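Hello,

Here is the structure for your files. My notes on a sheet and some salt bridges follow below.

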Amino acid sequence: MSELVVGPRRYRIAGIADLVTSRMPYTIRILLENLLRHRDRIPRSHLDAVVEWGSERSFATAVDLRPARVFLHDTNGVPLLADIAAMRDVAEHADAINPRIPAALVVDHSVIAEVFGTSAAFERNVDVEYERNAERYRFLRWAQASMRNLDVVPPGKGIMHQVNLEHLAQVVMTDGDWAFPDFCLGTDSHTTMVNGLGVLGWGIGGIDAEAAMLGEAVTMLLPPVVGVRLTGALPVGATATDLVLTITELLRAHGVVGTFVEFHGEGVRRLSLPDRATIANMSPEFGSTCAYFPIDEETIRYLRFTGRPAEQVALVEAYAKAQKLWHQPDSVADYTEVVELDLRSVLPSLAGPRRPQDRITLSAAAPALDAELASEGRVGDEHGVVGIAAITSCTNTSNPRLMVTAALLARNAVERGLTSKPWVKTTLSPGSRVVTDYLDAAGLSPFLQELGFHLTGYGCMTCIGASGPLVDELQEAVRDKGVTAVSVLSGNRNFAGRINPDTRLNYLASPPLVVAYALAGTMRTDLTREPVGHSPDGTPVFLSDLWPTPDEVTKVIDSVLTPEMFTQAYEAVYTGDARWENLGQADGDRFAWDPASTYLRRPPFADGPVTHPVPDIEGARVLVMLGDSTTTDHISPAGAIPVDSPAGRYLTDRGVGRFAFNTYASRRGNHEVMVRGAFANVQLRNQLVPGVEGGYTLSLAEDGQVRTVYDAAMAYRDAGVPLVVLGGAQYGTGSSRDWAAKGPALLGVRAVLAESFERIHRANLIGLGVLPLQYRPGENARTLGLTGREVITIRGLASMESASTITVQADEREFHVVVRLDTAREQQIYRSGGILKLVSQRLTATI
């Protein structure tokens, strides 16, 4: 141990300076500190492997990490806390079941853009939010009052990642006289946004987060580290959004799943902290575990500017320099691989229509859309209309240059007499109150409002599918006449069926481009050559006429954005408005479950005995057979609950009116709703029922009838038939949502066979006791001749080892697959029937 003196304070630190070489990546240095500080709780081999990082042996070593804090949002946090409440029910001393490390939950995923285009939109949307979610919010107030180490940020404060970036993240934390890195793991995959601030962190499933909160280590194989060398500077007209879409395309094509990514090169110093955060935010879209920018002068400048206390800023700088975590641009690490990008090559871009990595240049957007429509036989001028133009999400609304550019473009459009098209739903949902404060101070808010971009709420909203209904006339045209509507949003995800059930195609774009497409009203307009609109006298107005200069943007930011805006916005971050304070809360160490509730039911995941040894999977059937890039949105929808769906019928049968259905995300505390939503995405393409979209499958337990996935699964359960899922490459990409594993597990799915898995989803499957199996290289369902109608048997589960191969029998065909239990801990979790059973057993044994 070492000592660090900062002003009048003395801190103990786990000194790593003597163990760090100049060639060790910064992210690995942080892991080294974590293991050294907890060395009495780990094998010596873990430390040795990190010191020897880069060797073949190191990459085969799994290490036990302990985060400094856990970060939650409401839709993942409610079921997580419900699981802890259920553990309290069976504990002799309920008040002993608490988070063992600091945890913060931000309520930002529940507000829906029901009302828009009016100055009353914000208040009315918040009123509806409270009306629909009061029961969940009372539960959160109970949890905050009864559990130690848990803080709750009420609704209306901002999006969790922007709140984290601007206020919660400390970069260096303290506990008593100890100082250590702010190592943050969160239940949202975009927790990586804080990597832009020099904080190591990434998204984990709610199940792993729950275990970490309760004192369990998070185990992972030491990762390769890919260095991304940035050179040059962004050209005029290119934005941080264009840059991150370019990086997403580049790194997804290169392949960085399961790796750490570190940015270096002289181009980094030309990126502001918000630009870095924009890039780090989309780490899950390019597939890496994290996307890290080391601590440097820009980090310190941002901490000061956002109102962090002077003593905290001094600690960060002193600690980073003492521990060799301060960026040394002239000393480049021995990265596993290096990818290069010249910032000068970045062009104005969008990404879509279904994946964030499918970048298209602005000049190619209209022709690409025409080709997409033609491929689906959708010909006619009515197709391609913009149904939603949303300035939304943590990715881009956290960046003042992007937001001010959009506002200045709106001002220029209004001054030329342009208006948004009447069929476009225009919404503004910033990541924090600071955004509206500086737009108001600059006098720019009225111009956005003139174009319909009134404040709709401080939350994720459109980015997570909480977009609300389209304009009535367009919604009718979509549903009754087959018109193809598109959305343009400044978010980070555009997966099929995610944004809105009535926008078939969805595109990611910078905030100023969102405004431009609201003016154009169609994505079939080439904004680089054709006018975005016409002034009242008929003069064509082009995008280039409206786009502000960099100097104009800088002048506005410098004149209005101040540190005081941040300190004022966050001075009462844990205090809610009158609606929050008037909710009331339950008392007591044990939560009083309401058997009539349609929002909160006691979860079953820690119930039942652990079976030893693990039984084989005999006589299984394929529930669904899916293609490549199946997302967690396909597996566990987050948007509106359709009336005629199994979940909708469940709610209707319990007297819930259609307006009160709310979203799947809001009902994650009720497993009866969520299991009925598994594989219920309206654009799911199940190869067992070709030509059919939605949550349907072939029920081979009922003579091959086409049934909803839920109804088929229940028929299989009644017949005592276990289930498997067949998937393609990148199975489980997208959001970290644990219900993408919980739902299939409750349906009776015992194993998933896929070509490859996304990191978080694979961990979630294991956490629920579902076995991830991977085809051998070059093999997949097609090459093996699988149709999905086979009877599947998987034997040898009791004796399998990590990364071993086992035999799968499909009717008379046999083939080998790789067991994706990558560490001894993952084996232990699987053999225990899931992590909640494992943790529950340990807590029961120690209380």
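Strand β9 (residues 184–186) and β10 run parallel and are joined by three bridges. In this pairing Leu185 stands opposite Trp202 of β10. Strands here are DSSP runs (E, at least two residues), as are helices (H or I, at least four), numbered from the N terminus; two strands pair if DSSP finds at least two bridges between them.

This is a predicted model: local features need pLDDT of at least 70 and side-chain atom pairs count only at pLDDT 80 or more, while totals for chains, interfaces and linings use all residues. Residues are numbered from 1 along each chain as its sequence is written, and side-chain values use heavy atoms, with hydrogens and water left out.

The sheet

β9 and β10 belong to an open sheet of five strands with parallel pairing, in the order β6-β5-β4-β9-β10. β6 (150–153) and β10 (201–203) are at the edges; each has a single partner strand, so one side of each has no neighbour in the sheet. On average, neighbouring strands of this sheet are turned by 20° against each other, direction ignored. Helix α6 (residues 160–168) packs on the sheet and touches β4 (69–73), β5 (103–106) and β9, its direction making about 140° with that of β4. Contact means heavy atoms within 4.5 Å; axes are lines fitted to C-alpha atoms, for helices over the stretch in contact, and angles run from 0 to 180 degrees between N-to-C directions.

Salt bridges

With a salt bridge taken as a side-chain nitrogen of Lys or Arg within 4 Å of a carboxyl oxygen of Asp or Glu, the count comes to 47. For burial, buried means under 20% relative accessible area, exposed over 50%, and partly exposed in between (1.4 Å probe, protein chains only).

- Arg37 and Glu33: the closest N and O atoms are 2.7 Å apart. The two are four residues apart in helix α1 (residues 26–37), about one helical turn. Arg37 is buried at 17% relative accessible area, and Glu33 is buried at 1%.
- Asp127 and Arg579: the N to O distance is 2.7 Å. Asp127 is in helix α5 (residues 121–146) and Arg579 in helix α23 (residues 578–581), so the pair ties together parts 452 residues apart in sequence. Asp127 is partly exposed at 39%, as is Arg579 at 25%.
- Arg276 and Asp296: the closest N and O atoms are 3.0 Å apart, and both residues are buried.

Salt bridges with shared partners also join Arg354, Glu372, Glu376, Arg378, Arg504, Arg685 and Glu693 into one network.

Regards
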